[in-house]
Amino acid sequence: MATLKTSVIGIDFENPFILASAPPTARIDSIDKAFTLGWGGAVLKTITPDDLEMIEASQRYASWKNGNRVCGFENIELLSHLTIQQWLDGIEFLRKKHPNKVQIASIMAPVVKEEWQKLVKTLNSAPIDAFELNFSCPHGMPEKGIGMAIGTNAEISSMITGWVKQVSKKPVFVKLSPNVTNIAKIAKAVENSGADGISAINTVQAMMGVNLDTFVPMPNVNGKSTFGGYSGASVRPIGLRCVAQIRQNSDLPILGIGGICNWHDAAEYITLGADAVQVCTEVMINGYAVIKAMKQGLLDYLERKGFESLEDLKNRAIANISSHEKLDKSKQVYPHIDEELCIKCSRCVTVCDESEHSALSVNNNRITVNRDNCVGCSLCSHACPKAAITMK
Ligand SMILES: Cc1cc2nc3c(=O)[nH]c(=O)nc-3n(C[C@H](O)[C@H](O)[C@H](O)COP(=O)(O)O)c2cc1C
């Protein structure tokens, strides 16, 4: 029998799915509901010193959809609006009611040693399992010199991690920003300052689009907009890349985040080095109940593969990442067209012709491949509207 139970730096997780710091973890009563529905834990919405000014914008979200499905989501939301005392009471309440759920306190403060250490010392007394340092919010906070302004600077990230580690009585995860040239370098810097783990990624800085009648970008806040944080399914390839790059350079535990919508996405993160995963946008769009299928799907997959635990899955794909130079380029694949699926629309012929190779043509109402021209790039298989082309 496979199990989803796992342990990360001595913290026991009932299952590897925890809620990321965001609106689904902004209220105590709703976290209570999420725990009851089966989430393994929650990273609390980022807690700040009570006097840090935070005024939210309306509206604060934008999205792009494929049909009814939200593929990409942008937000310009700031941090928690609960006071530290409200969090202390709430964490205590949740611990009593859900003793086995992981609670991680996400924190952020101005770049002042006393401010970070005061916040940590206050929360040390709460029954949390770990801290997560939010060095990565890309909007609003960087204007105050915090959030992503910290996480894009290895020296400041390292300095603050050191301050926190001096006084923290709990393990410290550092949540990194993907908006850097080399995320592994920032991870290494905080590891050298004593970080116990890495959370990656926070949102990707973005601009969702522009209304071409008003010329106001989205989201429109009384006629103006600002750059926001992009999340959801479309950032998953960036999150996967970041987690893999961190894992290639560090043995620290990683909480993988970014575009996780189902068990399959979570499993991919684990193969690339994540020890557990965090979910935000999928829950914001579809509700806490998505946890049921996530857990069942991952468990079924482990059993199908004959794996006993997540340990058997972890890092499995890392050895299969190579430099481009070292890829085996001695063999080539060719397109195979499934005659039953093909609708003879000729889109594959057009795109192959117009994107360099002219290897496909229509002969006797069938798509045929000229192997002399084909380079096995696979473009035709991606352009086919009926998934009738596979590369073999
Ligand atoms: C509306 C919204 C608010 C967020 N607030 C926070 C926050 O307070 N602290 C934080 O560390 N990350 C915050 N995030 C980032 C998420 O925790 C997560 O890193 C990001 O959304 C990527 O995961 P996802 O694709 O599953 O949403 C927020 C994200 C969204 C969409």
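Modeller: Among contacts in the protein chain between residues at least 6 apart in sequence, those joining residues at least 24 apart make up 71%. The model is a predicted one. Of the 392 residues in the protein chain, 44% are buried. The chain holds 12 helices and 18 strands. Its radius of gyration is 23 Å, close to the 21 Å from the globule rule for 392 residues, so the chain is as compact as a globular protein of that length. Along the principal axes, the C-alpha atoms fill a box of roughly 75 × 60 × 40 Å.

The chain is divided into domain 1, residues 6-320, and domain 2, residues 335-391. The centres of domain 1 and domain 2, taken over C-alpha atoms, are separated by 42 Å.

Now the interior itself. In soluble globular proteins, nonpolar side chains tend to be buried together. The largest nonpolar core here has 88 residues, and the members that touch the most others are F131, I198, A200, V243, A266 and V277. Not counting residues up to four places away in sequence, F131 touches I104, A105, I107, V120, V164, S168, K170, V172 and F173. Another core, of 10 residues, lies apart from the largest one; C352, L360, C380 and A388 are among its members.

Helix α6, residues 183-192, has I183, A184, I186, A187, V190 and E191 as its buried residues. These cover an arc of only 160 degrees around the axis, which puts them on the same side of α6. Their cover includes α4 (148-151), α5 (154-167), β9 (172-175), β10 (197-200) and α7 (236-249). After α6 comes G194, with a positive phi near 105 degrees.

Helix α1, residues 28-37, buries I31, A34 and F35. Seen down the axis of α1, the buried residues fall within an arc of 100 degrees, so they line one face of the helix. D29 and T36, on the other side of α1, are exposed. The elements covering the buried residues of α1 include β3 (17-19), β4 (41-47) and α2 (84-97). α1 is followed by G38, where phi is positive, near 120 degrees.

F13 is placed in strand β2, residues 11-13. Why does F13 count as buried? It has 21 C-beta neighbours inside 10 Å, and the threshold for a buried residue is 20 or more. Leaving aside neighbours within four places in sequence, F13 is in contact with K5, T6, S7, V8, G40, G41, V102 and A276. From F13 to H264 the separation is 251 residues in sequence and 19 Å in space, C-alpha to C-alpha.

Strand pairing also links separate stretches of the chain. Strand β12, residues 228-231, is joined to strand β6, residues 69-75, by 3 bridges, and the two run antiparallel. Within this pair, F73 has S231 of β12 as its bridge partner. β12 also pairs with strand β11, residues 204-206, in the antiparallel sense over 3 bridges. There, A206 stands opposite G228 of β12.

Technical notes:
Residues numbered from 1 in each chain as written. Predicted model: local features only at pLDDT ≥ 70, side-chain atom pairs only at ≥ 80, totals over all residues. Pairing = 2+ DSSP bridges. Helix = DSSP H or I, 4+ residues; strand = E, 2+ residues; numbered from the N terminus. Rg over C-alpha atoms; globule rule 2.2 N^0.38 Å. Buried ≥ 20, exposed ≤ 12 C-beta atoms within 10 Å, placed from the backbone. Contact = placed C-beta atoms within 7 Å. Arc of directions from axis to C-beta. Domains from an automatic or database assignment. Core = buried A, V, L, I, M, F, W, Y, C linked by C-beta atoms within 7 Å.
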